[in-house]
Amino acid sequence: MAAAWSPTNDPGAEFAALIRTLFVGGPGLVAAFHGLFDEGGTDANSPFACVAGYLFTPDAVTECDHRWRHACRNVPSGIVFSMSDLWRRERAFSGWHRDDCNRLAGELAEIIAETAFIGVVVGIEHATLSSYLAKFPGAVDYLGGVYSICVEGAMNLTSKALDQIDDESGVHYFFEDGAEGKAEAMLLLDKIASNEVLSRRFRRRGDTFLPKGDNAATGAADFLAWEWQNLYKAPGPDVFPTLMRLIESRVRHFRLGYTEPNIVIQEGLNRFYGVRLRL
């Protein structure tokens, strides 16, 4: 069953302890994903939904978390990190000079580039899903909403990415807490966990919901989701330097933009295995 984790007094030490506990039984990979809200996210008023994140080895995600917390040492404690806030200089970054924000963004991009293993981005336009459901309204029972669709797509793309590089590792999936559609996504994860074939298909060794912005794993996911959202809103040759740093790094990025054929395949898979998300 999908679990939630809450830190107490020392989030950094406790996150490291959580990683050690999860992987005490053997090697594997950590995948952390962020569902994008804001102007292009998982809420019903957004034109585009995106789930994005990174895979790390257990040691690398602990290193990333340590370096991330050090880089953000001047951010007021108790305030959740958000790439959107950093860019707009709001909340935790209110009063910051633009150069300081750019410097922090560059440092965080460097940390991701040096610690992450694989990047995964899955997106869907609400109009694409609405068009499909208008023709096949019963499909929503097996697809769920945009967040569930993208969560499943991210897990599937993660597995396929590992297939491409001949890596047979199992994956513990982290998802940032708070996304609209979380309850349905947890139902999806529980159904995957209870099906041996699907668990193998997605290389699942566990899943956990982490508090929003409390650790580098979901912070890095927020970073990638936000960068990709901006590329979606303003496609063209002028890509943000921080996104270029990630794309040009040793980290391989895999992307899926849902079209109707992708939706058909996912619906068919869930129907076949009895993964029904709505009654």
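Visitor: At what angle do helix H5 and helix H12 pack, and how far apart are their axes?
Guide: In this predicted model, H5 (residues 126–135) and H12 (residues 260–272) pack at an angle of about 60°, and their axes lie 10 Å apart.

Visitor: Why are H5 and H12 called oblique to each other?
Guide: The angle is about 60°. Angles under 35 degrees count as roughly parallel, over 145 as roughly antiparallel and 65 to 115 as roughly perpendicular, with the rest oblique. H5 and H12 are therefore oblique. Their crossing is right-handed.

Visitor: Which residues make the contact?
Guide: H5 contributes Thr128, Leu129, Tyr132 and Lys135, while H12 contributes Glu260, Ile263, Val264 and Glu267.

Visitor: How do the residues of the contact of H5 with H12 divide into nonpolar, polar and charged?
Guide: There are 4 nonpolar, 1 polar and 3 charged residues.

Visitor: What makes strand E3 largely enclosed by the rest of the structure?
Guide: A residue is buried when its relative accessible area is under 20%. In E3 (residues 48–56), 9 of the 9 residues are buried, so the strand is largely enclosed.

Visitor: How do you know that strand E2 and E3 pair?
Guide: Pairing needs at least two bridges. E2 (residues 29–35) is joined to E3 by 6 bridges, and the two run antiparallel. His34 stands opposite Ala52 in E3.

Visitor: In what sense do E3 and strand E4 pair, and over how many bridges?
Guide: E3 and E4 (residues 118–125) pair in the antiparallel sense over 8 bridges. Tyr54 has Gly119 in E4 as its bridge partner.

Key. Residues are numbered from 1 along each chain as its sequence is written. This is a predicted model: local features need pLDDT of at least 70, side-chain atom pairs count only at pLDDT 80 or more; totals for chains, interfaces and linings use all residues. Side-chain values use heavy atoms; hydrogens and water are left out. Axes are lines fitted to C-alpha atoms, for helices over the stretch in contact, and angles run from 0 to 180 degrees between N-to-C directions. Helices (H or I, at least four residues) and strands (E, at least two) are DSSP runs, numbered from the N terminus. A crossing is left-handed if the near helix is turned anticlockwise from the far one by less than a right angle, and right-handed if clockwise. Contact means heavy atoms within 4.5 Å. Ala, Val, Leu, Ile, Met, Phe, Trp, Tyr, Cys and Pro count as nonpolar, Asp, Glu, Lys and Arg as charged, and the others, Gly among them, as polar. Buried means under 20% relative accessible area, exposed over 50%, partly exposed in between (1.4 Å probe, protein chains only).
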